[in-house]
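Trainee: Could you walk me through this one? I'd like to know what stands behind each label.

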Amino acid sequence: METPKNEIFRDSIGTINEDGKRAWVYPKKPSGKYYEWRKIVSYVLLVFLFAAPFVKINGNQFLLMNVLERRFNIFGFPFWPQDFHLVVISMIIGVIFIALFTVAFGRIFCGWMCPQTIFLEMVFRRIEYWIEGDRGKQIRLEKQAWNAEKIKKRLLKWFIFLIISFAIANAFLAYLIGSDELIQDIVDGPFKHLGTLFPLLIFTAVFYFVFAWFREQVCIIACPYGRLQGVLLDNKSIIVAYDHKRGEGENGRKKIRKNEDRAELGHGDCIDCFQCVNVCPTGIDIRNGTQLECVNCTACIDECDDIMEKVDLPKGLIRFASEDEIEKKEKFKFTPRLKGYTAVLVILIGVLIGMLLIRNDVEANILRLSGQLYELKEGNRISNVFTYKLVNKTTEAIPDVQFRMRKVKGTIKLAATTNEFIIPKQGIAKGTLFLEIDKSDLKSGKNYITIDIYSKDKLIETTSVNFLGPTSYN
C-alpha cells in the first residue's frame, strides 16, 4: 500500500532524499518584520560574542573558560577549582532556564540566540546571497558547468568563509586561553607559539566545515537540544505553528484562483504556494506540524504573512501559537509545570547569589605533610609540619600575609627567611609551615586548631588543622 503523501514527513527529514543522500537546502532569502528583529538581536549578540573576551571588570576578563589552567571567569567573577560547586550551580541554572524557556516558548532560543544559527543565517548565508544570489540563482549555479563565472563566485565565497572562520576561531580561542595571552602570541609571532597556532588552525578548519558544508545538519543531527524539545514541549507551549483549522478548511488547501469563493468551496486559506517551505533554513514543511528540524526562526511566518497580504487574506496563518490555542482557542497560561520550573530557578539563583556574597577572595588549604606525625622539641614543645596553599582570586597582589593561631599559645614558623609573604594576583602562594605548641596546652592526641590568615593585620581567611600530639599526659 502506498504511503499517503501527508504521512511521509513522519519517517524522514527534509535534508535527506529518497536515496538516503543529503538534499542540499537552498533557502529563499527571508524578509519581513520578524527577520528585521532577528537581525537586530543577532548583530547585538555578535558584537557581544567578539567583544566579551576583551572586556574586563576589575581586571578580570568578562568571560573566560581556561580549562587547561582551570581558571574561569563568568560575567567578571573569577572562579577557581575550589569554586567548582559554584560553576556547577551556574550550569544547572542555565539548564533550568533553557528548560523553562522551552516549555513556554519552544525552540525559539535556537532560531534567535544560538551562535550556530546566528553565524549561519546572519553571516554566512547573507554572504552567499550577496555573491550567488537568491534561492533560484543558487540552484541554477549549482547545476551550471564549472565555467569562469562559477569558479569565480565559488572561490570568492570560500575565501571569505575561510577568513570569517579564522576570525571566529581567534575569538573562540580568546575564551579558552585569555585575550591577553592571545594578543601577546599574535604580537610575538605565530611560529613562536605553536601551542596556540595549531589549535587556532584546527578551530578554523572546524568552523569552516560547519558553516560551509555541515550547516543545518548541526541542528538536526548533532545538537541534543532538538531532541530535548520533544520531551519539554506540550500542547500549551508557544511555538511557530501552522493554523491547520484555518488553513485546511473542510476540503483542504488549494491554489488560489481569481473570482472564486474559497469559503463556499470549503477550502482553507492556505493557497499551497510552498513559500513557507522554500524559505525554511532546514527544509521542512511547517504545515506538517511541530518537527525536530524546526528552530523557530520565524522565516515562514514572515513569508506567509507577505503572501496572505498579497492575496488579500488575513495574516497569521502561520504564527506564534500553542496547539491548544489553535484547537481550543485557549490563550497562554502560566501552568503548574511552568510554576515548578520557575520556583526551582528562583531558589537556585538565590543560592548562587548567597554563595557569591559569602565567597572569600582568598582560599586557604593547610594540610599535614604526608607521612609525618609530630616531633617533641626542647622545652617540652610539640611540633607539627604542614603544607599550605593560598589562592588569590583577585587581580591585586595581597601583601604582608601572616598566619596566627586562634585561642592557642604557640608559634608558627615558615620554611622561609621570613614569616610574612605575598600572594601574587590571581596566583597561588604555597610552602611549608611548622606549628609549635606547649605540651601542657594540648588536651588530647588530636587537637583542632583554628588558624587565621591576615594581611596587614586584616583578617582575610580562616581555616583549621588537626594538630597531633602524644596520647598520654602524665
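Mentor: Let's go through the labels one at a time, setting values against definitions.

Mentor: This is a predicted model, in which local features need pLDDT of at least 70 and side-chain atom pairs count only at pLDDT 80 or more, while totals for chains, interfaces and linings use all residues. Residues are numbered from 1 along each chain as its sequence is written, and side-chain values use heavy atoms, with hydrogens and water left out.

Trainee: Why is Q61 called buried?

Mentor: Buried means under 20% relative accessible area, exposed means over 50%, and partly exposed is in between (1.4 Å probe, protein chains only). Q61 has a relative accessible area of 6%, so it counts as buried.

Trainee: Where does Q61 sit, and what is it in contact with?

Mentor: Q61 is in strand β2, residues 60-61. Strands (E, at least two residues) and helices (H or I, at least four) are DSSP runs, numbered from the N terminus. Contact means heavy atoms within 4.5 Å. Leaving aside neighbours within four places in sequence, the contacts of Q61 include A52, P53, N73, Y175 and G178.

Trainee: What does the side chain of Q61 reach?

Mentor: The side chain of Q61 reaches the backbone oxygen of A174 at 3.1 Å. A polar atom of that side chain also lies 2.9 Å from the backbone nitrogen of S179.

Trainee: What makes S31 partly exposed?

Mentor: S31 has a relative accessible area of 44%, so it falls in the partly exposed range. S31 is in the segment before α1 (33-51). S31 and N66 are 35 residues apart in sequence and 40 Å apart in space, C-alpha to C-alpha.

Trainee: How many disulfides does the structure hold?

Mentor: The structure holds 0 disulfides. A disulfide is a pair of cysteine sulfur atoms within 2.5 Å.

Trainee: What makes a set of residues a nonpolar core?

Mentor: A nonpolar core is a set of buried Ala, Val, Leu, Ile, Met, Phe, Trp, Tyr and Cys residues joined through side-chain atoms within 4.5 Å. The largest one here has 26 residues, and those with the most contacts inside it are L390, F403, F421 and L435. Elements giving two or more residues to this core include β8 (362-368), β10 (381-392) and β14 (428-438). A second, separate core of 24 residues includes I118, I131, I177 and V218.

Trainee: What is F421 in contact with?

Mentor: Neighbours within four places in sequence aside, F421 is in contact with residues including Y388, L390, F403, L414 and A429.

Trainee: How do you know that β10 is largely enclosed?

Mentor: Because 9 of the 12 residues of β10 are buried, β10 is largely enclosed by the rest of the structure.

Trainee: Which strands pair with β10, and what makes that a pairing?

Mentor: Two strands pair if DSSP finds at least two bridges between them. β8 and β10 have 7 bridges and are antiparallel, with R368 bridging to F386 in β10. Strand β9 (residues 375-377) pairs with β10 over 3 bridges, also in the antiparallel sense. β10 and β14 run antiparallel and are joined by 11 bridges, and K389 has K430 in β14 as its bridge partner.

Trainee: How do you know that the length of helix α8 agrees with its number of residues?

Mentor: The expected span of a helix is 1.5 Å times one less than its number of residues. The 21 residues of α8 (residues 194-214) should span 30 Å, and the end C-alpha atoms are 28 Å apart, so the two agree.

Trainee: Which elements do the buried residues of α8 pack against?

Mentor: They pack against α4 (115-132), α6 (148-177), α7 (179-188) and α9 (217-222). Among the buried residues of α8 are L197, L200, F207 and F211. Just after α8, R215 takes a positive phi of about 50°.

Note on methods. A polar contact is a pair of N or O atoms within 3.5 Å; within protein, one must be able to donate a hydrogen and the other to accept it, and residues adjacent in sequence count only if both atoms are side-chain atoms.
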